[in-house]
Amino acid sequence: MSGPVVDPQPGGARALRLHRELNKIWATGPGWQRLAAVNHSVIGMRMFITSFAFFLIAGLLGMLTRVQLATPHSLFLDAETYNQVFSVHGSMMLFLFAIPMVESFAVYLTPKILGTRDFAFPRLTAYGYWCYLFGASIVTVSLIFGVAPNSGWFMYTPLSSNAFTPGVNADVWLLGITFVEISALSLAMEIVVSILKMRAPGMSLDRMPIFGWYILVTAMMMIIAFPPLILASILLELERAFGLPFFDPTRGGDSLLWQHLFWLFGHPDVYIIFLPMAGVLSTMIPVFANRQLVGYRAIVVAIVALAFLSFGIWVHHMFTVGIPHLALAFFSAGSAIVAVPTAVQVFAWLATLSHGRPRWDVPMLYVFGFFFVFAMGGLTGVMLAMVPFDWQAHDTYFVVAHMHYVVAGALAFPMVAALYYWLPLLTGRAAVQRLSVPAFWLIFIGFNMTFFMMHLTGLLGMPRRVYTYRGDEGWNWLNLLSSVGSFVMTIGFGLLIIDLVVQLRHGRRSRRDPWRAQTFEWAMPMPPAPYAFASIPHVGPQTEGVTKTELAASLARGEGYLGATRNGWQEAMGVHITSGKPEQLIVLPNPTYLPLVTALFTGGAVLGFLFKAYWVSLALALVTFGLFVFAGRRAGLPRDYGPLPVGLGVSVPPHTEAASSPSWLALICSLVANGTLFTSLVFGTFYLWLSGGDWQKMPPPEPSRLLAFGVVACLAVAAVAARGSLRVVVASGKTSGWMAITALALMAAAGMIVELIMGVTPHPRAHALGATASVLLGYVGFHAAAGLLFLISNFQRVRSGYISRLRCTDLRLTRLWIDYTLVTGVIALGLVLALPSLVTVLGARP
C-alpha cells in the first residue's frame, strides 16, 4: 500500500525546518562572499590557522638561530641577518602567535561555551582579524627584503633610535606591531562586552563556566596592559619620524622610559598568555578526572588576584638598571607573592585529579607535559625574583630558558591538548591516535632538551643575543644539544600536523559529546552550524543534570529562547551583567565587506607612514575614520518595536531600545583603555621631569592661559550641549540646534589646541620638555576631533530615522565621549600650565 508518509518524530521535522531557516539567515555565502564573513566561528578559525602559520614561520626562524649557535665561529648567518632573524622570531612568537592564538580560542569557543550565538559586534571581530593579518604580514615580508626589525623583540632604546638604527627596520616593528596590538585591543573589548552581556539567560556570574572567567579576566587585562605599549610605540615613532626626543638623553629624554612603558605591558602579557590556557586546563581536567572542578570560587579569586598583582611588578624585568634598593625589595617581594595565586590553581587541578578517576586520553598527555614544564618555569621564576640571583643571571641564556618554559611551555602544551579535546567538535571526527602519542613524546623530549640546556649555558655565563662565541667557554656541547633538541621538537610538531590532517580526512565519525563534558558547546551540532544554537538554553534547575545529547535535541527543536526566526534577523539574547536575567533582544549585523575594506585603508595608512608619505598616510587615516562613520549609518533598527516575545513566555525590547546596550558597555571599555594610555602619558611626563636631562636649564614653556581656559570652556559648552541634545530627543524634539552648538564648541577647542601647540617652547624637536607638552595638547585635540565624528554619525542617523525617544543610545555615547574629553582635557591642560612651576622646582633642587 502507498499513502502519505507520516513522520514518526514530528520534533525532527521541526528541527530540520528551523535549521534551514536559521542557516539561510546566518550562513556566509560561497566564493568571494567568504571575505565578507563576520561570524565568530569563521573568524575564530581564521585566526587560529593564521596564528599557527606564524608559529611555524617563527619556529623555522628559531631553528635558524639554533643552527648558527650549534658550533662556535659559525658562518651560517652574519651578525646583521642573525639580529633580524632572532628579533622577528621573538616578535612573531609573542605578538603574532601567542596573543592571537589565545584570542582565537576565545573568539571561537567563548560564545559556544556560554550558550550564545555570536559576539556583540561581529564586524569589529572581522576588522580585528584583518588588521592582525595585514600588520603581521608587514613584519613578515620585511624579513624577505632585509629590513626586518633588528633591535630585539623588546626594541630597547637607544638601540632602536635613529642614531643606532637609521633604516626602516625599527619602524617596521613599531608600526606593524602597533597595528596588531590595536587589533588585539579591539577583540579584547569585544570579548568583555560579549561575556558580560550575552551569556545564556539565567547564567549568573557565579554560575558561569570557569573558562568564561578566565577569558573575561584575560580580556580585561588586555584592555589595561596594551595601551602603555601602544603609547611607547607612538612616542618612539614620533621621535624617529619627526625628531621629538622622548628617549634621547642628550635632549631631555630618557631611554629607560621605554623600558617602563614596555614592561607595564610585558609582564602582564605573560599572564595574558597563561590564563586562557589555564582556562583550557580547568575545563578539561574535570572532564578527564570524572569529577567536578575543586575550588571553583578559590580559582576565580586567584585569577582576579593574579591579574592585579601582575600589573604591580613590571620592574621585575629591570633589576639591573639602577633603581633604588627599597624599590628593588618591593618588586622582588611582589614577584615572589605572584606565585601564590598561580599555586592555588595548580593545587586545585591536582586535587581534582587526585579525587577523581583520571583517564589518560591524548589531551591528558599534554596536560602532564604542561605540569612538568610549567613547574620548571615557575621554579626558575622564583629564582629570578631574588635580586642577587637576577643580577648574576640577567641578560644570560638562563633568562631565555626561563621565558621559554613559562611562556612557550605554558602555551604550547595546553594549546595542543585543547586542539585534541575540541577537534571532534570542529570536525565531527574522532582522533586517530597512531601518531599522536609519539608526536607528544618527541615534542616533550625535544622541548626540554632545547631549553633546559640553556639554563646551564646561562649559568656558565653565555650572554643573550650573541650570534657567535669563541668555543673555549665550555658551552659547545650544551649548545649542540640544544640545537639537536630543536630539531627533535620540530619533528614532533611535524608528526602532530600529519596526525591532524589524517584525522580530518580519515577519522571515524564521533558521537555527540564524546568526552561526556558539561559545557554547552557539546550541545550543538558537530561540526557547529553558523548559528551555533537553534535556540538559546536557559541555565537553571531544568538544565542541571541533563546530558548534552538530550539538551541538544531539545534546543534543535526550538524549545529554548529564540526558537523561531523573525524578519530575517540574526538574533541573540542580551542579559543583565551579574544576574544573567534576560534584558534585551540583540539584533546582529549581516555579513559585509566593510571590515575588510576598512582594514585595507588602515593598512594603507600604516604603510604610508612607514614609507614617510605622511600626507598620504593622513588622507588614508581620514578615509578609515570616514568608513567607521559610514558603517554606523544604518546600524541597529530604523523604528521602535517595544517588547518582543523571545520564547519561554518572556518578552524583551530590542537592544536599540535598552538602556544598557552592548555599545554602551563597549564605549566604557574603550574609555578604560584610553584612560590607561592617558595615565601612562602622565606617568611618562612626570618620569621625564624627574629623570630627563637638563630640564631645569631650558626656558620653561609659557602657554597662553587665556587659550587654555578657552579650550576648557569650549569643552564644557560641548558637554552641556550634548546633554541638551539628549534631553530634546527624549522629549521628542529637534536636536539640530544643540548638535550645531556642540560641533562649533569642539571645533573651537581643536583650533585653540593647534594654536597652543604652535606656541610651545622649547621647540618640540629641541627638547623633551616641549615634546611632552605638545603630545599632551595633541591628545586633547585628537579627542575633540573624534567628538566631531560622533556628531557626524549622530546627525546622519537622526536624518535616517535611527534615533528616537527610545533609541537614543548614540547620543548617550556622544555625551560620554565628550565628558571624557573634558575631564582628560582639564588634567592635560593643567599639567601643561604647571610645567613652568615644575621646571622651577627642578632648578631649586640642591
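1. Start with helix H6 (residues 210-242) and helix H8 (residues 296-310), which pack at an angle of about 10° with their axes 10 Å apart. Axes here are lines fitted to C-alpha atoms, for helices over the stretch in contact, and angles run from 0 to 180 degrees between N-to-C directions. H6 and H8 are therefore roughly parallel (angles under 35 degrees count as such). Helices are DSSP runs of H or I with at least four residues, numbered from the N terminus.

2. A word on the source: this is a predicted model, where local features need pLDDT of at least 70, side-chain atom pairs count only at pLDDT 80 or more, and totals for chains, interfaces and linings use all residues. Residues are numbered from 1 along each chain as its sequence is written, and side-chain values use heavy atoms, leaving out hydrogens and water.

3. Which residues of H6 meet H8? Ile210, Trp213, Tyr214, Val217 and Met221 do, and their partners in H8 include Tyr296, Ile299 and Ser310 (contact means heavy atoms within 4.5 Å).

4. Now the cysteines: the structure holds zero disulfides (pairs of cysteine sulfur atoms within 2.5 Å). For cysteine 669, the closest cysteine sulfur is in cysteine 131, 19 Å away, so that is too far for a bond. Cysteine 669 is buried at 7% relative accessibility, and cysteine 808 is buried too, at 11% (buried means under 20% relative accessible area, with a 1.4 Å probe and protein chains only).

5. Finally, alanine 412 sits in helix H13 (residues 397-427). Alanine 412 counts as buried because its relative accessibility is 14%. Its C-alpha atom lies 8.9 Å from that of tyrosine 366, 46 residues apart along the chain.

Terms used: Helices (H or I, at least four residues) and strands (E, at least two) are DSSP runs, numbered from the N terminus. Buried means under 20% relative accessible area, exposed over 50%, partly exposed in between (1.4 Å probe, protein chains only). Angles under 35 degrees count as roughly parallel, over 145 as roughly antiparallel, 65 to 115 as roughly perpendicular and the rest as oblique.
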